[in-house]
Amino acid sequence: MAQYTKHPVTAPPTAPERESTGHLLLRGYVILVFVVAFAHTALYNLVGQIGAGVVMILLTLAALAIAIPMIARGEPHPFPWRRLPWSALGYVGLALVSVAWSQWRLPTIITWLLLAAVTVNALLIAHAFSWQEIVRALASAFKWILGLSLALELWVSAVVHGPLLPNFLTLPDGEVDPHWYWVRDNLFDGGRIQGIVGNSNVLAIISLFAIVTFGVRFALRARWRTTLVMWMTLAAFMMFRASSATTYVCALAAAVVLMVALLIRRARTPGARARIYAICGGAVVIVVAAVIVFHRPLFEALGRSADLTGRTDVIWTKVLDRAATHPVFGNGFSSPWIPTDPAFDGWITDHGITVFHAHNMWLDVLMQLGAVGVLLMAAAYFGLLWRAWFFAADRPRWNLRADRPYSPLTLLPLLFTVILLVQGLAESTPIMLWGWLMLVLFSFKIKSVPLVGVGLNEQSRVTERGSRVRRIP
């Protein structure tokens, strides 16, 4: 039984503030959006192409139904129109206009609707949720993806005792290329696992994002920290078993950036910061030069071919040839490529499967929207990287006081951005679905709320009187 003092000076305890039912439903919707965005291939393998399209249409309609009344009423605060990520929105506009000169108009229209749906949801989440809520929703989504991935792998290996095809189709007679499988039944034989996303590379990068998110939640001293350690362990196991060389490089880059950011945080003078920047910048130049010179033995050590699994000799060459035909405005937007369209069907194949992106975000943008698109995408990512760095490295300050503690949460956008940029050298996912979702979400959120817990976009505003902190609802 709860007990409290009856001393006349001490007020009786009050129940903690409870969230409204509407906000709880909104949180559930946001978690669903994150799951669908990050595990989109799982949706495709479960309900097929038409079913996945219907789900995206429903999510877009739901986002509009939530966002339009919310903005009209000015809830939870007036919409910050001037803080929108204009470079990213300019890219969306150019993608739409490219219908006029597109060499594949139907794929342009279909994939632009997908891009618009992801953009609307990203803006809604950044507007309606605080920083803490965004990280919490991301953690919940990653738990669902990792948990379902482990459950599916266990079910296939312990019950089915064989590989599983998408949409639960019956295995045909004869030999089937393993690249067609949803799950390959590799959990107990030491092979690469794929989880519910059906792709080892995607599972590995999601696991890396999960490790970063759980680590930030742990550093924030969230509840159930022991459980967070267990989830981090599972994510590390998934990343190791997925065995993606690209993800290992992304993890190394994120670790280096994290170390530099922590060193910058400890620097007490501008001179100390300048020395750290100079030393770390020189080290990065040396490492990049060494990777360029010794890339062949390095890739062989990682168990990968020197041509990045056929990227340089086959995929990138053909993409550059097509990009050269329309170098300024490109051939027309299509992210991802539609494999059934005549322009892409059989154009580039891997193990008999039509490739649906260029495996390099910059070459993909160059082919689709030309040099103008590359400039807009570079502006969007450079703007995010610039703001994310100072969001993480600068001490929170909104008045004369300059000794406020750093928040571990401010490291998350920076690490996510670095991972996306490094992954974009070998994959095109940073310009579509969850990659685009993170770009728009963090760009808009950092511009509108450059301080964690402070400002109209957070659940409450924080003011200080002496050493006492008062929250204004």
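## Helix 8 and helix 13

Helix 8 and helix 13 cross in a right-handed sense, where a crossing is right-handed if the near helix is turned clockwise from the far one by less than a right angle, and left-handed if anticlockwise. The axes of helix 8 (residues 245–266) and helix 13 (residues 411–423) come within 9 Å and cross at roughly 145°; axes here are lines fitted to C-alpha atoms, for helices over the stretch in contact, with angles running from 0 to 180 degrees between N-to-C directions. The contact (heavy atoms within 4.5 Å) involves Thr-246, Val-249, Cys-250, Ala-253, Ala-254, Val-257, Leu-258, Ala-261, Leu-262 and Arg-265 on helix 8, and Leu-411, Leu-414, Leu-415, Val-418, Ile-419, Val-422 and Gln-423 on helix 13. By class, the residues of this contact of helix 8 with helix 13 are 14 nonpolar, two polar and one charged, with Ala, Val, Leu, Ile, Met, Phe, Trp, Tyr, Cys and Pro counted as nonpolar, Asp, Glu, Lys and Arg as charged, and the others, Gly among them, as polar.

## Basis of the model

The model is predicted, and local features need pLDDT of at least 70, side-chain atom pairs count only at pLDDT 80 or more, and totals for chains, interfaces and linings use all residues. Residues are numbered from 1 along each chain as its sequence is written, and side-chain values use heavy atoms, with hydrogens and water left out. Helices (H or I, at least four residues) and strands (E, at least two) are DSSP runs, numbered from the N terminus.

## Helix 5 and its partners

Helix 5 (residues 131–160) packs against helix 6 (residues 200–219) at an angle of about 135°, the axes being 9 Å apart. That angle makes helix 5 oblique to helix 6, given that angles under 35 degrees count as roughly parallel, over 145 as roughly antiparallel, 65 to 115 as roughly perpendicular and the rest as oblique. The crossing of helix 5 and helix 6 is left-handed. Among the residues that make the contact are Phe-142, Lys-143, Leu-146 and Ser-149 of helix 5 and Phe-209, Ala-210, Thr-213 and Phe-214 of helix 6, and the contact of helix 5 with helix 6 has 12 nonpolar, three polar and three charged residues.

With helix 7 (residues 225–242), helix 5 has axes that come within 11 Å and cross at roughly 60°, and helix 5 and helix 7 are therefore oblique to each other. Helix 5 passes helix 7 in a left-handed crossing, through Lys-143, Leu-146, Gly-147, Ser-149 and Leu-150 of helix 5 and Leu-228, Trp-231, Leu-234, Ala-235 and Met-238 of helix 7.

## Met-232

Met-232 lies in helix 7 and, leaving aside its neighbours within four places in sequence, is in contact with Ile-211, Phe-214, Gly-215 and Phe-218. Met-232 and Thr-213 are 19 residues apart in sequence and 9.1 Å apart in space, C-alpha to C-alpha.

## Backbone features in loops

Most residues other than glycine have a negative phi, and most peptide bonds are trans. His-161, in the loop between helix 5 and helix 6, has a positive phi of about 60° although it is not a glycine. A cis peptide bond, with omega about 0°, joins Ser-335 and Pro-336, and Pro-336 is found in the loop between helix 11 (311–323) and strand 1 (349–350).
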